[in-house]
Amino acid sequence: CHADSSAGGCGPSMPLPALLACVQECGFSCAMFCPNTVHSGTKNTADQTLVSVSGRKQLERCVENQSAWRELCGWREGGDQETKVFHCISSALAWAGHPPPSTRPHPPKHTQVLVTGSLHLVGAVLGALGFTVDTLYPPHKH
């Protein structure tokens, strides 16, 4: 679930049980939660600005979603799956690409990231990764 869900009425436990069933089959080792903000502390573009919910409230919602996720997974300290909350998308992606050695002694050779939430979140993640409309949908040559 995404941080702007308080504007749309999506509670932290509403979509998570169905998502959990799908994700558990994939064997993900970490669930990360972050607001729809590409960089922390910088001005976002108009299409990334969520005027109805403050940044603090978005982060609080991420913590609520993390707690709901842990409850649904039967999370326990030292278990197989980690959960993390980040202030922005770029921090989450940086951690996913290069987790600190203390948290993962044997980092994976490649990382797969599943993004769920609003289209704003998906678009912001694609933008943070350097994708544009032109790279996703190159013009056809006739």
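A salt bridge is a side-chain nitrogen of Lys or Arg within 4 Å of a carboxyl oxygen of Asp or Glu, and the structure holds 4 of them. The model is predicted, so that local features need pLDDT of at least 70 and side-chain atom pairs count only at pLDDT 80 or more, while totals for chains, interfaces and linings use all residues. Residues are numbered from 1 along each chain as its sequence is written, and side-chain values use heavy atoms, with hydrogens and water left out.

**Exercise 1.** Determine which residue forms a salt bridge with Arg56, and where the pair lies.

*Solution.* Arg56 pairs with Glu60, their closest N and O atoms being 2.3 Å apart. Both lie in helix α3 (residues 55–73), 4 residues apart, or about one turn of the helix; helices here are DSSP runs (H or I, at least four residues), numbered from the N terminus.

**Exercise 2.** Find the salt bridge that Lys57 forms, and classify the exposure of Lys57.

*Solution.* Lys57 also pairs with Glu60, with 3.8 Å between the closest N and O atoms. With a relative accessible area of 38%, Lys57 is partly exposed (buried means under 20%, exposed over 50%, partly exposed in between; 1.4 Å probe, protein chains only).

Technical notes
Helix = DSSP H or I, 4+ residues; strand = E, 2+ residues; numbered from the N terminus.
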